[in-house]
Structure formats: structure tokens, C-alpha cells
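Here are my notes on the model, as numbered points. Have the structure open as you read.

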Amino acid sequence: MSSDDKLLVLINPRSGPGRAYQVFRKQVAPVLSDRGVEYDVVITQRANHAHDLMVSLELHKYRAVAVVAGDGLLHEVYNGLGMRDDWQTAMSFPVCIIPGGSGNGLAKSLAYWRKDPEEKKSKARGLIAALNLVRGSPQPIDLVMIHTHSGQRYFSFLSFGLGLLTDIDIESERMRFLGEARFTVWAIAKVVATKRYSVTISFKRATGVRRPGCNKKSASQSDLPSHFTTDDVRPPLQHSISCHPRHPESPSSSCSSDGSDSPPTVHAPDMEEVELGHDALDESFWVREKKTSTRKADYSHLLGEGGLGACDDPLSQPVPDDWETINGEFLLVYVVYQSHISSSVFMVPDATPDDGVMWLILMQGSMNRADIAKVLLQLESGEYTVVPGVLLIPVTELRLVPHDSKALFTIDGESVPYGPVHARVLPGLGRVLVR
């Protein structure tokens, strides 16, 4: 057996309520043993341990990396690969996510996508992932390149944004010992004390995509509430005109000329729809076969001429005239590219890992507490998409410019510095092992 048939296994012992290592020992290791798979184990010791490891890892020594943790450790893996000089090819290094955290959004999305019969049974999720590890073949997954105002570049596989869901995720960290239940407990508190955020959002719409959960196309000009305004030509942002809808806490509607603290306004043209080599279990396993994907993608244009995403600093470039722009006050501004962002939060029922689409999800600031509660109660079923005040827009590239002095902002559930960001889909750049 050649050395590149070996697996690299990364385990975060602190993931979720600290169960990742037990998931590996009880559900994954027996499968690897039965199939005779050889692997190296690294138990992460600190934040960014996996990130730093992937920057210098000799990828040719392994056929894949298995991540036993939540989505946070995989975020480290992809962003470590993204720091390499050979990032374009390194990002296609096969990964397998084995759910051991408190979120597990990608693992749930892959199981849902592949229609695994056991995906609804939480105790079987580690076993399903282990079978992907030994029987699966690399399949394309979209990644998203995100540039921030500080000049940092991130690669993302799940979601990013600010507002209600981000606040619940990060503020509930103090209750991590509860596992996934922490999200539910904190969500109840947030219904009572919701925050609204002023944001300018510019985006390139993905055409021909239908809105999840209903029989009509995704939110377009004709779907927007009557208080939204549209123009044939997008004027400069500083000259936009915004009309305020009646707000539950406001006595009357009003209009402003700067759009900096107003509810949503749309300006758009007509649009169509441990060390390597150390075995923590002190065992050696062997692998039977190796499978590879035949799908290729070329992203060399991102390093040279091209769209906004090709620039070292796309935030410094003007927004194209054919993009749409929304100015407003929102409870949630969230961008998702998988069906689930956790094992119990069903965001986009029709999303697949390689559809080339990001879903911009907005909760308007004018929503009342009853509708906010309804959204939270229907996140598990995915039926929240039809609650009044919720908009879903399919996009391929977008820019978020928040105007509040501070807020929480996350990428793949991980906190990053708050401020403007620019994001672009890289279709099929990553590879995940699935059956």
C-alpha cells in the first residue's frame, strides 16, 4: 500500500460537550479497523492548531483528512489550505466531516443531500460519516471566498452573516455544556430582546432559481413589500432614497434621503428570475481502494483579471451597475450555501453542496415578535421561509456594508472582525467524501 492511501484524522476534544473523541473511538475507529484503514491522528491542542497544520502539511502523504468535530475545525482546515501558495489545488484536497460538535451543519447537509436513511437518528450520524470515509468518493462542494475590510481573506463552506442567528450562536457559547440545546434556550431569550441592524447589501442575483419552500421564484422586485422602492438605474448609494415602513415601535412612517438607518430600499434594473505519525489509538489500519473525482475547476482567473472577486481588495472597487442594492434595517442578514447550518436548523430545503448559489436570507426590521417567534419555531422544519418579513434571494456574489458601530459577525459559525465584507462563490472548488 502506498503512503498516499493513509488518512489524516483531526479531533477537537472540546467540540460540543466534549464528545468528539468518544464519537471517534466508538463509531469511527471500529469501521476503520474493519476495513483495514491506516491513519494518523492529531488531537488539536489550541485554537488554529488545524489551520497551522494544513498550511505546511505534505498533502501527498494522505488521501483525505477526516475532521471529527463541529464545523469550526473544518473552517480551520479550509482556511489553512487557503493560506498555501498552491491553494487552488490544495482546496480540492478531499475532506470528510464526522459530526462531533454542537452545530454539525455540513454533516447534516450532506446526509440530507444524499438521502441517508439514518440521517435523522443522531446516534447514527458518526457511523454514517465513517462509512463515507471508507466507502465514499470525492464529490465537488462549493466554497465561498470572503474578503473583509481588514484585508483578510477567508474560505467558507457553510454560511456567514450578522443578526439574530449569529447573536444566538455566539452569545450561547457560555452554555456549550448543553450541546445543541443551547441554541434553543438562547433563542427564547432573543425573541424578547431583539436587535436591529442597519446594512447596505449589494448583490449579483443568480437567475432561474426558485425560492425554497414554495412554488414561486425567489424574491424578485415583484415579490418585495410595497414599501420597497425600485429604479431602472441603480443610483450611487449615497444618493439613495428610502421610505420607512410603519414599525411596531414607531408612531408613523417617514422618508429619509441617506438610507443609513432606514428599512429596506431596493435599487435594481429588471432582473430575470498531537504530531503527525502519532496514533492516538496505538493501532495501524489499511485501506483497500482509492477513488478520485474527475470534475475539475480552474480558478486562476481569481488571481488575475476578472470580476470583483478577482481583486486583492474587491471592497475598494465600485459596485457594478447591473447589481441590485438594498439599504435597510434588518433583524437578520445571513448568507447560506448548504441546506442546514446545524443538525436542527433547516435553512434552505433545495440547496445542494454544488449548486453554485448562495442564499441571502433577510428578516426585515419591521417584523413583530409573534412573527420572529414563528421563524425560530419553524427553523427545524424549514417552513420559516413563508413567514411575512422573510426574504430569500439567490446570489452568486455580494457585498455587505453594515453601518452600526458594533455587532457580532460570523463565518461558518466562527467570530470574525465586524465590518464590510465581499463574497463570491467558487463552484465545485472543494471535495467532500460521500457515498
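1. Phe160 is buried, at 0% relative accessibility (buried means under 20% relative accessible area, exposed over 50%, partly exposed in between, with a 1.4 Å probe and protein chains only). This is a predicted model, in which local features need pLDDT of at least 70 and side-chain atom pairs count only at pLDDT 80 or more, while totals for chains, interfaces and linings use all residues. Residues are numbered from 1 along each chain as its sequence is written, and side-chain values use heavy atoms, with hydrogens and water left out.

2. Which residues form one aromatic cluster? They are Phe160, Tyr337 and Phe409. Rings of Phe, Tyr and Trp (its six-membered ring) pair if their centres lie within 6.5 Å; planes under 30 degrees apart count as stacked, over 60 as edge-to-face and the rest as tilted. The structure holds 6 aromatic pairs. In one of them, Phe160 and Tyr337 have ring centres 6.4 Å apart and planes at 45°, so the pair is tilted. Phe160 and Phe409 also make a tilted pair, with 6.4 Å centre to centre and 35° between the planes. Tyr337 is buried at 3% relative accessibility, and Phe409 is buried at 2%.

3. Tyr337 turns up again beside Ser156. Beyond its neighbours within four places in sequence, Ser156 is in contact with several residues, including Tyr337, Ile411 and Asp412 (contact means heavy atoms within 4.5 Å). Ser156 is found in strand S6, residues 153-156 (strands are DSSP runs of E, at least two residues; helices are runs of H or I, at least four; both are numbered from the N terminus). Ser156 is buried, with a relative accessible area of 0%.

4. The side chains of Ser156 and Asp412 are joined by a polar contact of 2.7 Å (a pair of N or O atoms within 3.5 Å; within protein, one must be able to donate a hydrogen and the other to accept it, and residues adjacent in sequence count only if both atoms are side-chain atoms). Asp412 lies in the loop between strand S17 (410-411) and strand S18 (414-415), and is buried at 2% relative accessible area.

5. Please look at the backbone here too. Most residues other than glycine have a negative phi. Asp412, although not a glycine, has a positive phi of about 55°. Asn48 also has a positive phi, near 70°; Asn48 sits in the loop between S2 and helix H2 (49-56) and is partly exposed, with a relative accessible area of 40%.
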